[in-house]
Amino acid sequence: MDSVKVAVRVRPFSQREKDAGSRCMISMNSSCTSIYDPKHPKNRKTFKFDLAYWSHSGFVKTRNGMLVADSPSSRYADQKKIFNDIGRSLLDNAWQGYNATLLAYGQTGSGKSYTVIGYGANQGLIPMICKELFNTINNNQDRNRQYQVSYSMLEIYNEQIKGLLSKTKQPGGLKLREDQQTGFYVEGLKCVPCENYAQIESLMVQGTKMRTTAATNMNSTSSRSHMVITIQFKQIFLDEKISKQSNITLVDLAGSERQKSSGSEGDRLREGTSVNLSLATLGNVISALAEAATGKKVLHIPYRDSVLTKLLQSALGGNSRTVMIAALSPADICYEETLSSLRYAERAKKIRNKAIVNESPTEKIVKELKAENARLLSKLSRLGNSEKQMEDEAKDLQRLVAENELQIQAVQTFWEERLKEAQNEWEEQCAAITQERHMIQLFPYIVNVNEDPQLSGVVKYFIQKGVCKVGQDPSCSPSIILKGLGIMNQHATFTNLDGIVTLEPSDQAKVYVNGTLLITKVRLKHSDRIIFGSNSTYLYTGFPCERLADIDLAHFDYDFFQSEMATAEGFGIEKMGAVNSQSGSSNPSVLAVFHDYIKIMPLVKEANQMSKELRKDLKFEIEVKNLAISDSRGHDLEKEIIVKVTNQVTSQVWVWSKAKFINRKFLMEELYQHYLDGECTRVDKEYDPFWDPVEAICLGSAHVWLQPLAYCIKVEEQVEFLNWEGKVEAVLQIHLNPCSCTGQHFGEDDIVIDPTEMLDKRSDFQIEISQCLGVRWLQYIKDRGVQIGYCVYDHPCKFYTDPVWNNQKPKFNHKLHFTVLNVSQDYLNYLQTSALVVELWGLQEGCNDLIWSSQDIKVTDKGSIIIDSKRRTLSSHCNLATSDSQICELYLKLSKLEQETEFLREVNTALKEENTYLKNSQKKFNTTRNESAGSKKEYKMSKVKASSGSTPVSFLPKDQSQKDAQGTSCDAQFAKALKVFYQSMTIVQGQLLRLRRHRPPEDDNLKTLQLFTEEQSQMFKEFGKQLDACVCRLKADVSTIVKKKRESMSNGKS
């Protein structure tokens, strides 16, 4: 029993991860690999594997492009180190006659393909294994030995098998068959005999080219497909008349994130795509085998549930010595995927295989015949006189040996014939390669650029002198035949005359040059970027005299194309605020979203093209959620990519998450492939990836600041609903009224000067939503409605108004009474630092109204809703990032204002203490006067009381009564001053939010930029003016109040 050998390897940061400011979450110590949770750094998990390779740091790039350790003490594991440990062990097993399998596992972009195939000068395991195999064969030449090496290459995509070495395409892919002895095999798969490494290298190039063309035609990428390379290695020992045969299977698995359902959370079709099936089934097989290895009873191992697991049955739990290498992404933004890969690898190492030395049927016959011959000779020596019987048995033995020799000769002849056929193909390929090299020195050409670097630079189309047409219909006789979404029969025309190459699109054909949609003929320059149709990307290479050495064509990768396209369409890094205009520093989280944007953008274009050709009438638009929206404390929300889907016939709208869209895109591709194959594309709407039930859409949000409620001051607001881009969707009229437990609104006399006075007391307020004005959602389309929703404090329920339909000025008349039974400091912090976030929801014909459940709601005996049933601690938000230094200065002003307000509270507290002291003195004075007045005075007082029927008259001195009245008057004046101040500050906070959302225009027009600058300058001026006015008025009011208070105190002392 052999265990599956498991290795892990962590790669360097990608450029995207560097731009995003990622941190490394992986550490390695010998064979132990640890990973920590970026959100909880103390949460660290450690795994132990057979091999652990650190390739994250400690390396340099040599002149020829190889990555090697930067010092003798460096622990960097280069490609050679991986081969010496893993590749050589696979070869050793093959030489011994065992089947050997290598599985490369990991998420897309984790370095799987780099480890297995390599890139540039850094060859991977597959080419190094093949090269070393032939080196060993050449060093072990013997007249009594023969070696036979065959090479096959296939791809599994969407549960279909495609042979990558065959020029003919079989509809539906190659078929998988089962042999009782050898197991599953691919019927009709081309297996090419090879005599040297150069031939295998040529076959790898041929297979990669076929894979690239297929990916372009089917609009798929290599990250969604599995590639399987099989090297059949046979050793024939002529003197012993035996042979050993081994299959070396090298598997580059699809990106592991494809198996996750989190890629489509909440999607009713999340299990529908066949793209996910193979990896999901492989995971189930590994889990079942791991449980069986630990002694658990496993009733069924689902090998037969997918094409991939059928082919890998011998590698997992069968006749093979297997190695799995898991490629790990080091960045903290990939934590969940990397942790999943580590757990996957940990399960795999528990699997036990039953590897045996492979003996061919011929070898078994020879051994059986030799054994039979020995038995007969032994019998002959015992029988002695039975010569006739011995002769008959000897004849039978000779006949069997002769038949065996004929079989060996037939096998040998078959091999020589296959080798001769392959030799003819080698000659044709060599001629094609020679011709291509010659044409490169004469003509300009375009070369493909793929999302997978392994598939870039594989396909070249030369632009010879004269007119060169581009299209996908061979009957139109185009010089360059392109397949793919959005490619028309006659798509564009290259013209090569007098050393000048031009490109002109056909009518309605989409051609982009350097990110700009081409309308008329344009002259091409060396290294221009061209996109045909939806997403067929090519790099133009000019005449040899134009190919300057200082231009690095590797710089123009797939991400460069898409980033250039996004910028040309007005969505660059600057628009998202990823880079600070003053300091030049970047915001890592925003940069990560921008990279997501350019990844999804070509998929959206492809989805639009499929929708058009399948007549689904859907339009897909990529948007950035929370681009200009803040949370309840005014801080920017985390941005994320979403896809807006609009039915162009019914005007119905859906909003899909990025993950849901990607999952649906897989299903769209399956349906579209049926369309290309001429099959029926009608499906029930429940299984249609283009269909979804109608749902309510969040149109925007508004902020109503709650600070006045902390002082029992009424809030009367007219706030704007802003959508994700910061544009106004509607205007809301809303009132927040502090009130008594019976619902009676508080007046000025009920204003609280110090909010801490409310601690441990009951507090009530009402939210009244009267109407919305100018709702854009309702302007042009009938059968639409709106609702408004909001959450209060830590209450788990979201409250909604009743829906209003077909009214551009909807009136809601919504009123709810809320109660806090025991005011806590946490609740006061909520009021003083947060806003009530009110959401505007759009309703469509056929969708359900938004309702709130009364199950989680607790009410008082008066029917008001209790919102402090659960305590919570508000998380502090620090380091508020802004993109303008002027806004930072405004925040400093606000901070200073808060300090001054705190100082005023302290002054007020001191004045209250002095006021209490005066009242106590007043009481003592009353007691003394009453005691000295005698019985006569008491009789007089009782007489006055009896005659008037009112409260006893105070016999304080006249000036003392006036002082007490002045103290009460000062408190009222201070309350009024605070009310005016907080009402003014609400306006200031609104101005500040508008300033932060004020973005520069998308175009580079000088006049537009000048108008924007003037407008922003005016906004800053008005904001500063309003802020200064608030502060000055508060200071003046407080100064007057303090002055009066001190005058009354001095008069009292005198």
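Q: Is Lys167 buried or exposed?
A: Keep in mind that this is a predicted model. Lys167 sits in the loop between strand E13 (160-163) and strand E14 (175-179). Its relative accessibility comes out at 71%. The cut-off for exposed is over 50%, so Lys167 counts as exposed.

Q: Which residues is Lys167 in contact with, leaving aside its neighbours within four places in sequence?
A: Lys190 is 23 residues apart from Lys167 along the chain, and their C-alpha atoms are separated by 9.9 Å. With the neighbours within four places set aside, the contacts of Lys167 are Met210 and Glu428.

Q: Is Tyr793 buried or exposed?
A: Tyr793 belongs to the loop between strand E39 (784-790) and strand E40 (799-800). Its phi is near 50°, a positive value in a residue other than glycine. Buried means under 20% relative accessible area, and Tyr793 has 5% relative accessibility, so it counts as buried.

Q: What about Arg615, buried or exposed?
A: Arg615 is found in the loop between helix H13 (588-613) and strand E32 (618-625). Phi here is near 60°, again positive in a residue other than glycine. With a relative accessible area of 73%, Arg615 is exposed.

Q: Which residue in E22 is the bridge partner of Tyr445?
A: The open sheet has six strands in the order E22-E21-E31-E30-E27-E28, with antiparallel pairing. Strand E21 (residues 445-448) is joined to E22 by three bridges. In E22, the partner of Tyr445 is Phe462.

Technical notes: Residues are numbered from 1 along each chain as its sequence is written. This is a predicted model: local features need pLDDT of at least 70, side-chain atom pairs count only at pLDDT 80 or more; totals for chains, interfaces and linings use all residues. Side-chain values use heavy atoms; hydrogens and water are left out. Two strands pair if DSSP finds at least two bridges between them. Helices (H or I, at least four residues) and strands (E, at least two) are DSSP runs, numbered from the N terminus. Buried means under 20% relative accessible area, exposed over 50%, partly exposed in between (1.4 Å probe, protein chains only). Contact means heavy atoms within 4.5 Å.
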